[in-house]
Amino acid sequence: MVSKTIYLTASLLAIFGVIAIGASAENSVFAQGDKVQASIVPGASTLTDTAYSPNPIEITVGQTVVWTNDDTAFHTVTSGSIGAPDAGQLFDSGLAGPTALTGQGKTFEHTFDAAGEYPYFCTLHPAMVGTVIVS
Ligand SMILES: [Cu+2]
């Protein structure tokens, strides 16, 4: 009876161990996942610091942010601040071409290779602002 209980306990531990290893493997894939999803929310044209979600976007060096336009209007994801001489130099989904976020479902992505705080905005609606924090 005692040995049966020990056997059962050991079996359960073994099963949970396998489950735990499986779950942590999945988690680590997620944590290392190079892509982090962000959204341009519906109605973003009239919003400011909630137009991009989440805001800020917090990632680690080497990760890629994928912005999806979930609005029906045309938007951009443009690095820097409106009017700054370096605006759009680091990344810019642009107003034309394959990365332009012309409508719903369009995506733009950028990989951040250095730590820092990266402000960005929409050139079509400059009140739309966000920040990517890379650590
Ligand atoms: Cu916009």
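Mentor: Start with pLDDT, the predictor's confidence in each residue, from 0 to 100. This is a predicted model: local features need pLDDT of at least 70, side-chain atom pairs count only at pLDDT 80 or more, while totals for chains, interfaces and linings use all residues. Residues are numbered from 1 along each chain as its sequence is written. The chain averages a pLDDT of 84, and 76% of the residues score at least 70.

Trainee: What is the pLDDT over residues 5–31?
Mentor: Below 50. Beyond near neighbours in sequence, residues 5–31 also have zero contacts in the model. Two residues are in contact if their C-beta atoms, placed from the backbone, lie within 7 Å.

Trainee: How do you know that β1 and β2 pair?
Mentor: First, strands are DSSP runs of E, at least two residues, numbered from the N terminus. Two strands pair if DSSP finds at least two bridges between them. β1 and β2 have two bridges, in the antiparallel sense. In β2, Ser 53 is the bridge partner of Ser 39.

Trainee: How many bridges join β7 to β8?
Mentor: Six. The two strands, residues 116–121 and 129–134, run antiparallel. Gly 116 stands opposite Val 134 in β8.

Trainee: What makes β2 and β6 edge strands?
Mentor: Their open sheet has four strands in the order β2-β1-β4-β6, with mixed pairing. β2 and β6 (107–111) each have a single partner strand, so one side of each is left without a neighbour in the sheet.

Trainee: Why is a set of residues called a nonpolar core?
Mentor: Because its members are buried Ala, Val, Leu, Ile, Met, Phe, Trp, Tyr and Cys residues, joined through C-beta atoms within 7 Å. Buried means 20 or more other C-beta atoms within 10 Å of a residue's own; exposed means 12 or fewer, and partly exposed is in between, with C-beta atoms placed from the backbone. The largest core here has 20 residues. Among those touching the most other members are Ile 40 and Trp 67. The largest share, three residues, comes from β7.

Trainee: What kind of peptide bond joins Ser 53 and Pro 54?
Mentor: A cis bond, with omega about -5°. Another cis bond joins Asn 55 and Pro 56, with omega about 0°. Pro 54 is in the loop between β2 (52–53) and β3 (57–59).
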